[in-house]
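Here is a short briefing on a protein model. Look over the sequence and the structure first, then read the points below.

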Amino acid sequence: MKATLFNLQNLLRDRFPEAMAASQEARRLSMVRPMLQAGKLVEITGADSGMLMHRFMAERSCALIDAADALEPCGLEAGTLRHLLWVRCQKASEAIRAADLLLRDGNLSTVLIDLRLRPLRELFALPSSVWHRLRLLAERGGAAVAVFSPCQVVACAAGRWTAPQTSPLTLAA
Amino acid sequence: MFAAWWLPRFVLQALRVLARDRVAVLEAQALKAEDARLLCVSETAEREGVQVGMTSSQAQARCPRLRLLYRDEKAEQELQQRLLMAVESWTPDYEATQPGLCVLDLSRRRMNEPWSDLGMLMHRDATALAMETRIGLADKADLAVLAAHVADPVRVIRDGKEALRELPMNILCRNPELMRLLHLWGVRTLGQFTALPRAEIARRLGAEGLALHDLARGGKERLLRLVRPIQLFREESEIESPIECLEPLMHLLRGMLGRLCARLAEAWRVAGRLLLELRFDDRSTHERDLRVAEPSRDEAVLGRLLETALEGVKATAPVVFVSLEIVPVRAAASQGGLFDQGLRDPNRFAETLSALEALLGKGRVGRAELLPSRRVDAFRVVNFLEASTPSIEHSPGGPPLQRFRPPRPARLVWQDWQPVTLHVDRETKPLIAASGPWFLSGEWWDTQQAWQHEIWDATTDDGALYRLVREHEVWRVEGRYG
């Protein structure tokens, strides 16, 4: 029975590649959506979480607070570029202040904070109270907040995921 | 009742040419003066055979003493303004039909005097302002225009059909080709033209012929395109005691906003944009163009927008001049943006964006728009609330790249044409795999801007994949994938 279903899926994928791609995309989104919850602050650790971040950015009404000004806009879909608010910071403290302003504003439903390229020393120097404050603001405004960090820095995160190391990536010959 | 004011030979009048002068006006500066065509001809020159549309050499052959002038648009605008001012003293409801021609709607005016006397009074007014006018009065606007073209200096047409019958065709038709055709048909007067069957005119001359036919019969009832003065919502203030901090400046601006918002309310408008100009004691200036995300005339909302925008401003000298202008929009027309509707409070969001810009600097908050180039960082950051422009076609693919801005200087050790070690940030990283080179170049047509990159992707022994770029013989790590 399983073999028949597998064969049927393969046949459908060959005949209707666009429909299959759409359903795969929907499945991927259904996998990542539970990670972002309204009113919750979650942390995603690991340096190779870029794919996940790009998927979150595809959400409408989203802001990326880029603590190291590291986003490559050419890597984003045109639709994502159109509705993404990009906040380019130079320090972790600037990123925290920017997040504070956006969460108090309450107009955006998703706020992503990318701290991956900031030095660990700078991240550990942030007082833990800032994360509590951001968590409270997220709860009050109903925004989903995801912090992308190189290692665990948010003590009060409602959820934490670690992106697997995907390297060495397949290099083109 | 309608009155038409017509300034014959408007272009010549603008140049203040005397009627007895032999003068012709050329359209514009042609490459060769003899190729330029005549736009307007004085009466004296016309009597000697010079006609509009001739080249200057043809005209001078007929009238050797002809003086040629070039058209002066600025003078024409001044004369038109003078004409509008004169007609405005008679009625607020008037149409600027074309340069040198205005139609006045006198239906709201109490008429105690005969029409011809009224026309003479109008002519006297125009003469006092140094304008030579012809005044036509009639029941319909188009009929009044025709009357003005045959007036000397005033003409009243009450029974349109009868009065128009003997008028020449050239007062109606400005198209020389059509005039030539009508001349070939033997049509000289409006009466002869209206005698032609309408269906046949439509078949032979099309819509233009039908429009002329209607005009020749006295024109249809039509609404005038009334001239309404442009209302400027602007306040400015020269400050006697220069302002050095935000608090007194905001006090001044709130006063201005209060007055401007009251005027907006009278005009049933809301503020779409705020244009602020500050001049400082050291002659420097600061200008801001603030878009109101959700157009409003709420003083508090607009005041907060101004205050947030000014919080980040630093100046080396006190403020001596303030100017605030509101660009008005209709409230209903401002709700077009889909994104504006999606925000809970667009005005608050605009304030937040201003606060973020004040915190991080200009160009650091907004939407990224790609530029048509393959060069690194070929993008610009635009205001998030501005309407987005169609994006450049691009095909994102591969793993995401985290860019190092600025790129980190690096040194590579090579073995058998492959990089084996990467020295970056005082660290040495052995490379376990490398792929490349890929060459990218652009703007080769410009020696100053031309660029050429050699790109490698390399995996270090800790599993990280980097993008390495060589430009001008210098290696740099441009980013890390992941």
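How much area do chain B and chain A bury between them? They bury about 4,100 Å², 58% of it on carbon and sulfur atoms. Buried area is the accessible area (1.4 Å probe) that two parts lose on being put together, summed over both. The model is predicted: local features need pLDDT of at least 70, side-chain atom pairs count only at pLDDT 80 or more, and totals for chains, interfaces and linings use all residues. Residues are numbered from 1 along each chain as its sequence is written, chains are lettered from A and ligands numbered from 1 in the order in which they are written, and side-chain values use heavy atoms, with hydrogens and water left out.

**The interface of chains A and B**

- On chain B, 48 residues are in contact with 47 residues of chain A; contact means heavy atoms within 4.5 Å.
- Twelve residue pairs across this interface are in polar contact, with both residues at pLDDT 80 or more. A polar contact is a pair of N or O atoms within 3.5 Å; within protein, one must be able to donate a hydrogen and the other to accept it, and residues adjacent in sequence count only if both atoms are side-chain atoms.
- Elements of chain B that give two or more residues to the side touching chain A include α14 (346–360), β13 (365–370) and β15. Helices (H or I, at least four residues) and strands (E, at least two) are DSSP runs, numbered from the N terminus.
- The largest share of that side, nine residues, comes from α14(B).
- By class, that side of chain B has 26 nonpolar, twelve polar and ten charged residues. Here Ala, Val, Leu, Ile, Met, Phe, Trp, Tyr, Cys and Pro count as nonpolar, Asp, Glu, Lys and Arg as charged, and the others, Gly among them, as polar.
- Two strands pair if DSSP finds at least two bridges between them.
- In this pairing, A:Trp86 stands opposite B:Gly366.

**Salt bridges**

- Side chains of opposite charge can pair when their charged atoms come close.
- The structure holds 40 salt bridges over all chains. Each is a side-chain nitrogen of Lys or Arg within 4 Å of a carboxyl oxygen of Asp or Glu.
- Three salt bridges are counted between chain B and chain A.
- A:Asp69 forms a salt bridge with B:Arg405, with the closest N and O atoms 3.5 Å apart.
- A:Asp69 lies in the loop between β2 (62–66) and α4 (78–83) of chain A, and B:Arg405 lies in strand β15 of chain B, so the pair joins two chains.

**The barrel in chain B**

- Six strands form a closed barrel, β15-β16-β17-β18-β19-β20, with antiparallel pairing.
- β15 (residues 401–415) and β16 (residues 418–424) are joined by six bridges. In this pairing, B:Arg411 partners B:His423, and B:Val413 stands opposite B:Thr421.
- β15(B) and β16(B) form a hairpin with two residues between them, and B:Asp416 in the turn has a positive phi of about 50 degrees.
- Four bridges join β16(B) to β17(B). B:His423 stands opposite B:Thr428 there.
- This hairpin of β16(B) and β17(B) has two residues between the strands, and B:Asp425 takes a positive phi near 50 degrees.
- Six bridges join β15(B) to β20(B), where B:Pro409 stands opposite B:Arg476.
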